[in-house]
Amino acid sequence: MSMEGVTVVDHPLVQHKLTLMRDKQRSTKGFRQLLNEIGMLLCYEVTRDLPMERIEIDTPLTRTEGVQIAGKKLVFAPILRAGVGFLDGMLTLVPAARVAHIGLYRDPESLQAVEYYFKAPSDLADRMVLVLDPMLATANSAVAAIERLKERGAKDLRFVCLLAAPEGIERLRSAHPDVHIWTASIDERLNEHGYIVPGLGDAGDRMYGTR
């Protein structure tokens, strides 16, 4: 299944690890490790088209030309708490990246996002920002997080998740059509409680052993 403005990362390693994560018997430690590993693999895909520039360097043998990423470093913006599960893997690949933290929780009655914390670099306008949240369900948290980042000047934003529901994709793309989505899977639907089906449960609860 595919949708406009969405890239499904169907690499065999990503899909294999996702299946392991869906298993309700997976331990907290195993779930957290897999989320870290998939975060690294998704980062590899979402940064595939970063701008490059040529530079001259000296190897131990001679002077030569190479390439490096052009412009300022990336910003990783995890939506707390589950988005942090992607962070270590991505920082392993891009250790010089800046980090923004966006604290949101979903009100159990209205399913709306409630902000409790926001801290980001001051020069977001000059950087590509990857917004991280394992689950794109109702998309209320994603929409709110991207709005706050745009208010702070962010212009080049990408959204990275593990699972997405069709309803969440439609909501996010409607609110922010300029923000492309990368995900490992587009699942079937949301249930009456706003959870992705078949999904993998609450990612934050499974990360921290509070399920």
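Reader: How do you know that the span of helix H4 agrees with its 12 residues?

Author: This is a predicted model, so we can check its geometry against a rule.

Reader: What makes you call residues of H4 buried, and which ones are they?

Author: Buried means under 20% relative accessible area. In H4 that label goes to Asn 140, Ser 141, Ala 142, Val 143, Ala 144, Ala 145, Ile 146 and Leu 149.

Reader: And what follows H4?

Author: Gly 153 does, and its phi is positive, near 110 degrees.

Reader: Why is the charged end of Arg 148 said to sit over the ring of Phe 118?

Author: The cut-off for the distance is 6 Å from the ring centre, and the charge must also be within 35 degrees of the ring normal. Arg 148 is 4.2 Å from the centre of the Phe 118 ring and is listed as sitting over it, so it passes.

Reader: How many aromatic pairs are there?

Author: A search of the whole structure turns up 0.

Reader: What makes a set of residues a nonpolar core, and which members of the largest one touch the most others?

Author: Its members are buried nonpolar residues joined through side-chain atoms within 4.5 Å. The largest core has 36 residues, and Met 21, Phe 76, Leu 132, Leu 162 and Leu 200 touch the most other members. Helix H2 (28-46) is one of the elements that supply at least two residues; its share, 7 residues, is the largest.

How values were computed: Residues numbered from 1 in each chain as written. Predicted model: local features only at pLDDT ≥ 70, side-chain atom pairs only at ≥ 80, totals over all residues. Heavy atoms only, no water. Buried < 20%, exposed > 50% of the residue type's maximum accessible area, 1.4 Å probe, protein only. Helix = DSSP H or I, 4+ residues; strand = E, 2+ residues; numbered from the N terminus. Phe/Tyr/Trp six-rings, centres within 6.5 Å; stacked < 30°, edge-to-face > 60°. Expected span 1.5 Å × (residues − 1).
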